Amino acid sequence: MTTRKRILFIDGPLGGGGAERVLIDLLRNIDYSHYDVDLAVICRGGALMDEVPPQVNVIELWDGYTTGYKIATRLSMWFRCNRLLSRKMNGPKLRRDYDLEISFLEGMPTKLGALRTTAAKKAAWVHADLDFHRYEAGQFFPGEEIAAYNNMDYVVNVSQYCEDAFRRRFPECTSEMRVIYNPIDRDKIIRMAGEARKHDSFTVVTVGRLTEPKKPERFLDVARLAKEAGLDIKFKWVGDGSLRDALLERTKALGLEDCVEFTGFQKNPFPHIASADVLMVTSNYEGFCLVIPEAMCLGVPVISTRTAGPSEIIGNNEYGILTDFSAPSLFEALKDLYDKPEKREKLARTAARRPDDYSVNNCINAIADLTI
């Protein structure tokens with residue numbers, strides 16, 4: 001009888017972001033007759049926590065962002081002392097005999113995973129272009145982040161672009177590099193989209209957090225250009241975030257309340273995508289951009305700024321349209337699809353096969369290879 005492999009995932013609270021959704025899809029598709037899986041979270045919480053499969057043993061490292069957590073992290077940052085963090089990561093809550101330990105997010109999960117002193121293979125996942133957007137750097141003291149990555153057996157990037165960016169940022173990293181694309185579960189996406197029907201008005205949808213890297217103000221600028229051109233287009237942003245109030249004010253100031261909608265976070269965004277005519281990504285950076293192949297599964301053509309992940313997925317405008325980072329460039333691409341329904345249909349048909357390159361089985365098999 002084959003012994004089941006033991007895998008530990010380390011992450012923060014499971015909010016509604018792309019990386020968290022990827023983790024949930026992975027956990028849903030693991031064959032639990034072959035794997036025992038523990039998920040260590042810094043603390044419970046987040047919109048997706050209740051979607052963790054029952055076969056997964058969830059371990060809460062701290063009971064929330066407690067005084068104990070704050071003392072441990074401040075000792076690390078202020079005095080470069082990781083004793084309390086190391087004690088937590090090597091204490092009785094976590095077993096010692098995992099075959100593979102995966103730090104599934106940049107920043108604190110990577111820091112914590114690197115402190116584990118076990119014989120397991122260790123992997124750190126990179127979901128972002130860390131050369132362009134160094135959002136995680138503030139969670140490490142000087143020199144600690146590269147030491148954490150060098151303590152891994154593997155650094156796994158979700159696209160080749162991400163790996164290239166990682167190498168530019170950390171040229172001294174000695175760990176083995178792998179690219180494992182985010183998994184796309186086509187059957188689940190189509191099932192969750194249900195019987196969505198197109199809106200009466202031409203509709204553009206975006207799915208993502210309302211945060212600076214996603215550039216939602218650029219989305220509003222495209223809506224303004226469309227309205228000024230007299231085009232009957234509705235714009236819908238699915239997601240929430242710190243910029244919500246400011247964006248609502250700007251929407252009102254620009255007179256766009258009749259054509260722009262912010263739906264807030266939606267646990268199931270797929271009906272919103274399926275009922276749209278175009279998916280638009282306005283970001284300044286994307287490591288992979290999960291929503292693009294999801295839209296392709298649903299027959300929705302894609303327009304995206306020319307960031308790392310989308311460029312790799314879309315190619316040379318073969319599976320979608322890439323633009324520069326200006327609102328006028330995005331608008332011109334949108335107007336072209338608005339005016340040419342036959343082009344939209346052809347683009348959607350061509351793009352429909354692209355998600356097969358990112359199948360769940362491919363991802364699971366690549367993770368299995370890390371345990372060897």
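Reader: Which strand does β9 pair with, and in which sense?
Author: Strand β9 (residues 233–238) pairs with β10 in the parallel sense, over four bridges. Two strands count as paired if DSSP finds at least two bridges between them. Strands (E, at least two residues) and helices (H or I, at least four) are DSSP runs, numbered from the N terminus.

Reader: What kind of model is this, and how are residues numbered?
Author: This is a predicted model, in which local features need pLDDT of at least 70, side-chain atom pairs count only at pLDDT 80 or more, and totals for chains, interfaces and linings use all residues. Residues are numbered from 1 along each chain as its sequence is written, and side-chain values use heavy atoms, with hydrogens and water left out.

Reader: Back to the strands: which residue of β10 stands opposite V238?
Author: V238 stands opposite G264 in β10. Between β9 and β10 the chain passes through helix α9 (residues 244–253), and this β-α-β crossover is right-handed. Right-handed here means that, with the strands pointing away from the viewer, the path from the first strand over the helix to the second runs clockwise.

Reader: Why is β10 described as largely enclosed?
Author: Four of the five residues of β10 (residues 260–264) are buried, so the strand is largely enclosed by the rest of the structure. Buried means under 20% relative accessible area, exposed over 50%, and partly exposed in between (1.4 Å probe, protein chains only).

Reader: Which residues touch the most other members of the largest nonpolar core?
Author: They are F9, L27 and W125, in a core of 65 residues. Such a core is a set of buried Ala, Val, Leu, Ile, Met, Phe, Trp, Tyr and Cys residues joined through side-chain atoms within 4.5 Å. Helix α15 (residues 360–370) supplies the largest share of this core, seven residues.

Reader: What is F9 in contact with?
Author: Leaving aside neighbours within four places in sequence, the contacts of F9 include L23, L27, I30, I102 and F104. Contact means heavy atoms within 4.5 Å.

Reader: New topic: how many disulfides are there?
Author: The structure holds zero disulfides, a disulfide being a pair of cysteine sulfur atoms within 2.5 Å.

Reader: Where do K335 and D339 lie?
Author: Both lie in helix α13 (residues 327–339), four residues apart, about one turn of the helix. K335 and D339 form a salt bridge, their closest N and O atoms being 2.8 Å apart.

Conventions
Salt bridge = Lys/Arg side-chain N within 4 Å of Asp/Glu carboxyl O.
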